Amino acid sequence: MQQQSEAAAAPSSAWAAGKGSALMSLRDVYKQFPSGRQTVRAVDGVSLDVLQGETLGLVGESGCGKSTLGRVVTQLQPATAGSIFFEGKDLAALHGEDLRQMRRRVQMIFQDPYGSLNPRMTVGNIIGEPLRNFGLAHGKERDRQVQEIMRVCGLNPNFNNRYPHEFSGGQRQRIGIARSLILRPNFIVADEPISALDVSIQAQIINLLEQLQDDFNLTYLFIAHDLSVVRHLSDRVAVMYLGVIVEVANSLELYDNPLHPYTTALLQSIPVPDPVIEKDRTPIILSGEIPSPINPPSACRFHTRCPIAQPICSEVRPELLDYGNGHLAACHFAGKLQGSLAEKVAEESVAEIRAAIVADEPGGVDGATPVTA
Amino acid sequence: MPAILEVKGLKTQFLVRGGVVRAVDGIDLRVNRGETVGIVGESGSGKSMTALSILRLVPEPGKIVEGSITFDGRDVLAMNRDELRKFRGNDVSMIFQDPMSSLNPVLKVGYQIEEAMKSHDRFSAEESKSRVPMLLRRVRIPDADRRAKEFPHQFSGGMRQRAMIAMGLSNEPDVLIADEPTTALDVTVQAQILQQLRDLNRELGTAIVLITHNMAVVANICTWVVVMYAGRVVEQGPTAEIFRSPQHPYTWSLLRSIPRIDEKLGGKLLTISGLPPDLTNLPPGCKFHPRCRFTVDRCFTEEPDLFNVGPQHESRCWVQMDNVPDPDSDLREAPVVPLEEDAGALVIAGEESAAAV
Ligand SMILES: Nc1ncnc2c1ncn2[C@@H]1O[C@H](COP(=O)(O)OP(=O)(O)OP(=O)(O)O)[C@@H](O)[C@H]1O
Ligand SMILES: Nc1ncnc2c1ncn2[C@@H]1O[C@H](COP(=O)(O)OP(=O)(O)OP(=O)(O)O)[C@@H](O)[C@H]1O
Ligand code: SF4
Ligand SMILES: [Mg+2]
Ligand SMILES: [Mg+2]
């Protein structure tokens with residue numbers, strides 16, 4: 001069951017900072033939860049690199065394990081099995097001061113801006129708490145740093161004595177962001193930072209995250225179920241289905257040329273705010289619902305809903321393989337569904353051209369014979 | 001085409017400690033037979049209250065204080081209990097925002113659908129029973145006979161939503177109001193439900209009023225769009241027209257603030273600054289002016305009517321986006337991280353009224 005793909009080779013021990021090298025690497029990471037007598041396989045063998053300075057988007061349907069993976073990466077929960085490397089160092093081997101430093105530099109922004117802030121603490125104390133926990137700044141210096149980061153995040157620094165309920169959803173999310181930034185981390189896991197916000201407010205946070213990335217040279221693992229948002233923000237996107245990564249690619253490439261049938265279906269399912277495009281679009285309607293991670297389907301987890309599944313799909317687990325330029329997919333028939341869609345469109349246009357030629361026939365070019373199929 | 005459902009000047013309000021919440025503040029709405037109408041707007045703009053008002057289901061302490069609602073020539077606000085009972089379900093039925101809270105957890109799904117028919121007069125008790133599997137099959141629930149005998153918790157989210165649609169359609173209403181029917185669902189399941197609604201509209205001719213905050217969902221199934229802000233209609237027209245050439249600054253901004261799956265990458269999103277309005281304390285003039293980037297002097301003092309801005313196309317604004325030279329220039333200059341100077345105070349006012357509920 002363990003699989004070793006090209007991407008899964010352990011990162012080299014001589015870690016070099018710089019754009020393009022892996023800041024965070026996961027190798028065959030598992031996370032399981034007991035559920036009665038059964039086991040929830042929330043993260044089920046994930047190998048993934050997050051490169052220095054990039055935004056890696058992580059998408060997938062509800063319950064597929066995105067938040068769990070985020071919590072494992074930030075060490076809020078221990079992995080059941082597998083290794084996690086930060087700057088080339090195995091986290092399992094970190095102790096004492098090294099571990100503290102790693103925890104300072106890896107932060108998480110939480111899914112729920114309403115539930116994740118302590119209602120009895122002032123905003124200034126909420127944002128400054130990590131400084132206190134790490135003993136990094138006190139008194140006036142702490143206040144100064146808090147107010148500075150509030151300003152950076154578009155919050156009025158004079159509001160540092162107010163309580164969270166006095167702020168709107170968008171502002172509360174900014175408070176959460178300010179808190180995660182105050183320790184000047186390098187790596188941030190942003191777990192659905194905008195899903196709970198109103199549409200008109202979402203763009204404020206998206207733009208803020210982009211601006212902060214430029215200013216502080218941040219690396220993001222950006223979790224969301226909204227592929228449009230993820231694509232807008234991310235350099236690369238990883239697609240997750242039932243605890244496993246089924247595809248990883250550059251954002252543009254993923255959209256133009258999805259290799260995994262699930263990604264194709266997912267992309268086709270997303271409506272576009274444009275009625276002209278919507279009129280001509282025929283989404284691939286996936287039958288059935290997402291299976292349970294307690295008893296996931298054998299071999300390829302997607303075979304119960306896949307429009308092109310073959311017998312092998314329920315017998316052999318497909319490996320995450322590189323199809324060129326770091327475009328990874330785990331499917332025995334990678335690219336086949338997208339290919340057949342393109343073919344179908346091509347066939348339709350051939351038919352149209354044919355129809356046009358036949359319609360033209362009486363007055364057509366002298367001597368030209370209609371194409372016969 | 002004569003409208004089957006017509007709402008005029010509707011106002012629905014809540015009296016709370018902090019004052020009067022103007023949840024619906026003068027709505028005009030027409031739904032023609034067989035049409036698909038989308039109502040969009042952000043959270044709190046009054047979409048659900050408009051729908052609940054139409055069915056006269058406004059929760060206490062809310063009241064319809066003004067306006068008229070006419071269904072097929074009949075005055076809904078004048079209906080007595082018995083007439084109302086028939087009206088809900090037979091004429092207009094509604095699928096609620098949260099399917100779990102509207103299905104009774106201790107009753108079998110099929111039984112609940114059967115009861116929905118028995119409590120109206122269109123079908124006999126026997127017919128009601130025999131129609132259940134057909135209705136479940138119509139919303140593509142496989143193995144319908146067995147599924148009818150299951151309880152709601154045995155259904156997945158998507159199946160529950162489909163069971164709700166089956167129930168909403170059980171008495172063959174002329175109009176089906178669906179309040180955020182896909183919001184809690186994942187994209188692949190959302191696509192199934194939208195396909196479902198489209199098919200039903202085509203096959204049965206049921207008019208559909210779809211309430212959502214997702215512009216893309218509207219583009220997907222509606223022929224007519226109504227954009228709401230602060231309890232009023234700010235723009236409405238044929239879907240293609242609204243998306244191609246939005247005339248109200250709110251609609252225009254909204255369409256530019258959402259990332260699209262097919263966009264060219266590298267662009268900045270437009271941000272609508274500030275917060276949604278406090279409905280107990282609406283600003284003077286145009287209700288959108290504190291967040292609008294295209295204001296003229298009048299906007300601050302005088303509220304505009306819904307003006308004709310094209311055939312069938314109306315906008316409640318002193319400005320037409322068509323007449324704004326280079327509206328995007330503003331977007332390029334806008335600061336990326338606007339400082340929300342006075343926002344704290346604004347929210348406190350809103351919180352107080354919410355706390356009083
Ligand atoms: N502490 C826990 N105990 C038991 N099961 C858990 C626990 N945390 C998560 N799970 C289960 O693990 C699976 C993955 O959950 P997770 O929250 O990671 O999903 P997600 O992809 O973030 O979903 P969403 O989009 O809804 O946030 C789910 O089936 C969930 O019920
Ligand atoms: N019981 C109540 N008491 C006071 N105000 C209420 C009550 N119920 C609703 N409101 C207010 O009425 C306004 C309109 O609410 P409505 O539910 O119609 O919004 P909506 O557009 O459906 O929003 P959403 O997208 O969040 O469902 C809101 O501002 C809400 O706060
Ligand atoms: S491996 Fe098979 S079942 Fe899985 S996605 Fe590919 S084709 Fe479908
Ligand atoms: Mg999650
Ligand atoms: Mg609502």
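Guide: Let's start with helix 11 of chain B, whose buried residues are B:Pro249, B:Tyr250, B:Thr251, B:Trp252, B:Ser253, B:Leu254, B:Leu255 and B:Ser257. Keep in mind that this is a predicted model, where local features need pLDDT of at least 70. Residues are numbered from 1 along each chain, and chains are lettered from A in the order written.

Visitor: Why is helix 11 of chain B called mostly covered?

Guide: Buried means under 20% relative accessible area, exposed over 50%, and partly exposed in between (1.4 Å probe, protein chains only). Eight of the nine residues in helix 11 (249-257) of chain B are buried. Helices here are DSSP runs of H or I with at least four residues, strands are runs of E with at least two, and both are numbered from the N terminus.

Visitor: Why is A:Gln75 called partly exposed?

Guide: A:Gln75 has 22% relative accessibility, so it counts as partly exposed.

Visitor: What makes the phi of A:Gln75 worth a look?

Guide: Phi is positive there, about 65°, although A:Gln75 is not a glycine. Most residues other than glycine have a negative phi. A:Gln75 sits in the loop between helix 1 (66-73) and strand 4 (81-86) of chain A.

Visitor: And B:Glu172: buried, exposed or partly exposed?

Guide: Its relative accessible area is 40%, so B:Glu172 is partly exposed. B:Glu172 also has a positive phi, near 50°, and lies in the loop between helix 7 (157-169) and strand 7 (175-179) of chain B.

Visitor: What kind of peptide bond joins B:Glu60 and B:Pro61?

Guide: A cis one, with omega about -5°. Most peptide bonds are trans.

Terms used. Predicted model: local features only at pLDDT ≥ 70, side-chain atom pairs only at ≥ 80, totals over all residues. Heavy atoms only, no water.
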